[in-house]
Amino acid sequence: MKLKYLIILLLLLLLAFIVRQMLNIESRLRERGDVEVIYKQTDRILLEDIPQEQLKKKAALSDYYFIAGDNFFSVLEKNSQTGSLKYEWEEIFVKGVNMGVALPGKFPAEFAATYEEYIDWFIKIGEMNANTIRVYTILPPEFYQALSWYNMHYENRKLYLMQGVWAKEPPNDNYADPAYTRDFLNEIKDAVDVIHGNAFIEPVPGHAHGVYAYDVSRYTIGWMLGREWEPYAVTKTNQNDNVNLPYGFFVNVINASPMEEWLAGVMEFTVRYETQYYQAQRPVSFVNWLPLDPLYHNSEFIESEDVKEFDNDLEDIDMEKFSATHHFKPGVFASYHIYPYYPDFVFQEEKYRNTKNHHGDMDNYLAYLIDLKKNQVGMPIIVAEYGVPSSRGNSHYTPFGYHQGGYSEKEQADVSVLMTENIHRTAYAGALYFAWIDEWFKKNWLVMDFERPIHRRKKWHNMENPEQNYGILALESRKYELDGNPGKWGKKLEKPFVVTDYDEAYFYLAAYMPDVNFDKHNFYIAFDTYDKNKGSFRLPFHTKPLKRGVEFLLSVKNKNDAQLLVDQYYDIFTDRAKGIVPTYRSQKNDEGVFVEQLLLANRKRTDLLGDTFPEVRHNRGALIFGKSGEAETSNANIYWKDNGFFELRLPWQILNVTDPSSRAVLHGNIDTGEPDYVHTDGFHLQFYVTDKNNRPVNIYPNNQSTFFRWNTWDTPGYKSRLKPVYYALAELFKDMKPKQISCTLDIPADHNFSLTAYYRGHQGAISIAMDGKCYSQYSNVRPILEKYRLKATFAEASYTPVRSGATQYRMMLSNELEKIRQQAHEIRSDQHWIDYDASNNYFNAFPLLTPQPLVKVTNENTPGIHYIDSLLRKAAGKWTVFLVRHIYKPGSEAHANLMRLAGSDAPNISPLFFERLLRLSRNTGFWVAPISEIATYIHIRNNARLNFEKIDNRYFITVSHNMSYSFNKYPVTVKYEGPGNLIRVEGSATDGIHKVRRGQLFIDVYPNTKTSIEILE
C-alpha cells in the first residue's frame, strides 16, 4: 500500500516536471518566434542562431583594439620608442569633429562629396590635431576608401572613426515596432559589414550604396547607435508591455524601462553580429541628449496646454543601468549631445547658476557637465556634439553668454575653446565638435517657417539660421567683403552712385554719397519688396504720400544705431501662447509705423514651483557695423568711411525673402493663416537723407528710385574657408590628453552585503493617496499617474449623492475603479485608515507597523508647493505620504458644483497642482509607490535577517523570515559593497551580469530564496 502511494507521488512529481518543462519550452519557442520575426527577413537572415558555447569561443577569440574603460578610451598602439614594434594600451582623449556631408545645394542623402574632398578634409582635420571623426550613418564607399588611404599615409596623425547608425523616425512613434526594429538592425548589420570592407549595398533612396572593399575596422573606435530620440516617441515606446529583443550575453541592463531594454537589444545585436561573423569587437553606445538625461530638473515643466513644446524632463534613458559582460571586453560608453542653451533647464536650474569656471566666470555649462558626470560613473562619457554657430541670427539666449547664435567668428572660436576646456577639465572621455562643415539644408525652429519653399532651403545660405552656421569649415558664397574699398565694385569716388548685387547669402548695396555726414545726418532706405499696392504709403519723417507701398525701412543714425525696420503689418513677431499670430502679409496702409523686427527667442516660462523666467526677444533687424572680413565683425552689415562711401549687406531673411534662389518672398496664406510665399519681380529702393532731428534734407539720388532684380538659380556657388575656430581648436587639441581626477570613493576591501532601507537603495519613499470621497480622484488623477508611470493608493469610494442621477454616478465610479484595478494601483477599503488628532495626522499603513505621519494637501496654498518642496528636501530616510481629496480644474462646471454643495472651503486642488506635486515627488529620486508596497517592504526589512555563505568566488545570500509565505513574492533589495567590478547574479529579480559602479550594486532578491552572486572581476 505504501509502495502504491509512493508510485503515485513519483508520477505526480514526474507530471509536474514534464508540465514545467513544456511550459519552459513553450516560453522559449514563443520568445524565439518573436526574435525570429525581428532577426529574419523574407530574403535573408540577419543573424544566424549558433550554440552559446560556440558564441563564447568566438567572443574569447575576438580581436579588439579599443577599450572603453571606467573613464577613458584606451587604444592598442605600437610603441616604437624602445626600438621594437611592441603593442601597448594607451589611454587617449577622444577629440575630433562630427562630419556631415551635405554640400551646398544638396541634401545629406545625396552624398555629393567626392573622394578628393574627403582626402582634403581628413588632412585638414589631422592638421587640427584631432584624432576622431564621427559620422552619423553609412557613407558612400569613397569615404571609407579615403579614410583607409589617409591612415596609411599619415600614420603619425591617424584618424579614428566613430561610426554612427542612423535611426529614422518610427511608425506610430514606437521604436520597439518589430518592422522598424528589423530595419534598424539591418542597417546595423550593413554598417558592420561596411567597416570590415565586406559589403555590397544596393541603391535605396536616402541611403549610400555601392561596393565597400576597404577594411577600416582597425581604425573604428566605436559604435554610436541611433539619434536624438524624441521624448514623445520614448513615451510611446515605454507603453509596451515587453520588448522581445534579446540581450544579456554581451550587454546587460538592470531595472530598465522598455526603451532601455530595446536599446540594450540593439547594442547586443551589434556586438553579437560583429563577434559572430568577424570575431572582432569594439566599444558600443547609443546617442543620448539632455531631454533624456537621467537627471530631473524642477525648472523644466510644461505649465500650460497652450505651450507648443515637448516636455524635456518627462522621460529619461539612463546609461548607468547598462553593463558589458565578461564576453565583451571593449565595453560600453555614454555619448551625449550637450549644448549650453537647450533645454532651458541647463541654464535655469538653480544648481547650475553658481559654478565658476577656471576663468572665474559663472558657467552653467561647466555646472551641468559636473552634475551629469556624477550620475554616469564607471564608463567613459563622450560629448558627441557641442559647439556654437557663427550665425548672425540667434534663436536662444542664456544669462551666461552661451547663446544659440549671434556670434562673430572670433566669438565662436573663444566660446568653443571654453566649452572644450570645460569638457576636458571635468574628466570626460572626449569632445566631438559640431560640426565640420556648414550645411545649408538644416532647419532651425525659430526661422524655418520663413524658409519656403522648404525643398529649396538647401540652395541658399541663411545667416539668420544658426543650424546652418556651426561649421569649422565655412562653405559660403561671399561676393563682397565690407571694407570701404570701392574698387571691388568697379567704381571710383568721382561722382555719386548706387550699385546693388547679390549672392546666395546676402543682398548687397554700395553708395557714394559725398554730401552725407553721419555726424549731421540720418540716412534711410525704403524697400518695396513686392506688390507696389501693398505696404505703407507713408514714411515717419516724410509727409508726402508715396507712389509705392513700402515694406521695410533701413534706418542709419550712427555706427551703434542702425536697424532694418519693418512695416507693422508685415511684422512676423509670433507668440501663439498669447494669441499673437500675424498675417505674414504686407497690407496697404498710410500709417507710416515701422517697428523693430523682434522674434521670441525665449518664451516666458513658469517652473515646477510656480516661479517665472522672463521672455527674451531677439531683434533680428539690428545691424552690425564693421569690416566683414575681420573675425571680430564677421557678421557686419554696414560699413562706411568719412569720405561718403557706404556699404551694406543684408541677409535675405530679414527682408522676408523666403527663398532668394527663386525670388520668393513672405506672403501668408489667407485661408490657413500660415506663412506662405509669392514670387517678386525685385526690389524698389528709395534713399532719404534727414538732419539729426529727422527733417528731410534730400531724396537721393536725384529723387529717383533704384530697382534691383536678381537672377534665380538652381545650383548655388560656394567656396570653402577655415574659420578661426579651426586654429583655436588646433592649438587646444595639440597637447590634450586624458584629465585624471583623483577618486575619493571609499570602497571596502571586503565583499559586504546589507539590506537597504528602501527598495533599490532609494534614499526615501513617497506615497500619493486619495481618500475615495469623490469621482474626480479617479477621472482626473489616473491619466496624470499614467503619464508618469507611477502607482498610487485609492480608497474605494463609499460616498454617492442621494439625488437624481445617483445610479449613473455609481456606474461611473465603478467604471473608473475598474480602470484603476487594471493599471495595478492599490485599492483600499474606504474605512477609518486615516486617524488624526488636533496636532498630528497619521495613517494606518499596515497592521503590524506603527501609524505613519501624513501630509494632507487641502488646497493649493495648504500646504503650498514651496512648502512641499522644502519638506521633501529634508525627507531623506523618511516615508512621506500625501493625502488629497477633490481634484477639479478651477472654473469648471464640476468645481462650481462642488463649491455649491460643499462650500467654498471644500478641500480641492487643481489637476495642474496635483501634477506639480507628483512631479516634485518623482524629482526627489525617492521611491514613489502605493502605501501597501512600501509598508510591506518595511515590514519584511524589519523582520528579516540576511544570511550568506562563500564558496570560492561565489556568495550565496538569503533574506529569511518566519512570516507567512505570501511575503516571499515581494522582493527586497540587498546592497553589495566591495572591490568587485563585474558580478553575475542568479536566482534574483535582477539576474544577469552587472557592472559595479561607485563600489556598490543593488540586487533585488526574493525572501527565503537563495541568490548566487559570483565575482567575475
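**Helix 9 and helix 10**

Helix 9 crosses helix 10 in a right-handed sense, meaning that the near helix is turned clockwise from the far one by less than a right angle. The structure is a predicted model in which local features need pLDDT of at least 70 and side-chain atom pairs count only at pLDDT 80 or more, while totals for chains, interfaces and linings use all residues. Residues are numbered from 1 along each chain as its sequence is written, and side-chain values use heavy atoms, with hydrogens and water left out.

Helices are DSSP runs (H or I, at least four residues) numbered from the N terminus; axes are lines fitted to C-alpha atoms over the stretch in contact, and angles run from 0 to 180 degrees between N-to-C directions. Tyr365, Leu366 and Leu369 of helix 9 are in contact with Met419, Asn422 and Ile423 of helix 10, contact being heavy atoms within 4.5 Å. This contact comprises 5 nonpolar residues, 1 polar and no charged. Ala, Val, Leu, Ile, Met, Phe, Trp, Tyr, Cys and Pro count as nonpolar, Asp, Glu, Lys and Arg as charged, and the others, Gly among them, as polar.

**Helix 10 and helix 11**

Helix 10 also packs with helix 11 (residues 724-733), at an angle of about 25° and with the axes 8 Å apart. That angle makes helix 10 roughly parallel to helix 11, and the crossing is right-handed.

On the helix 10 side, the contact involves Glu409, Gln412, Ala413, Ser416, Val417, Thr420 and Glu421; helix 11 contributes Pro724, Val725, Ala728, Leu729, Leu732 and Phe733. By class there are 8 nonpolar, 3 polar and 2 charged residues.

**Helix 12 and helix 16**

The axes of helix 12 (residues 776-788) and helix 16 (residues 911-923) come within 10 Å, crossing at roughly 30°. Helix 12 is therefore roughly parallel to helix 16.

Val781, Ile784, Leu785, Lys787 and Tyr788 of helix 12 meet Pro911, Phe914, Glu915, Leu918, Arg919 and Arg922 of helix 16. Here 7 residues are nonpolar, none polar and 4 charged.

**Cavity**

The structure holds 1 cavity of 30 Å³ or more. A cavity is a set of points on a 1 Å grid over the protein atoms alone where a 1.4 Å probe fits but cannot get out; lining residues have an atom within 4 Å of a point. The lining of the largest cavity consists of Gly393, Asn394, Ser395, Leu446, Val447, Glu464, Leu599 and His618, of which 3 are nonpolar, 4 polar and 1 charged.

Note on methods
1 Å grid on protein atoms, 1.4 Å probe; cavity = no way out; pocket = protein on both sides within 12 Å on 5 of 7 lines; lining within 4 Å. Points joined across faces, edges and corners; volume = space filled by probe spheres on them. Helix = DSSP H or I, 4+ residues; strand = E, 2+ residues; numbered from the N terminus. Parallel < 35°, antiparallel > 145°, perpendicular 65-115°, else oblique.
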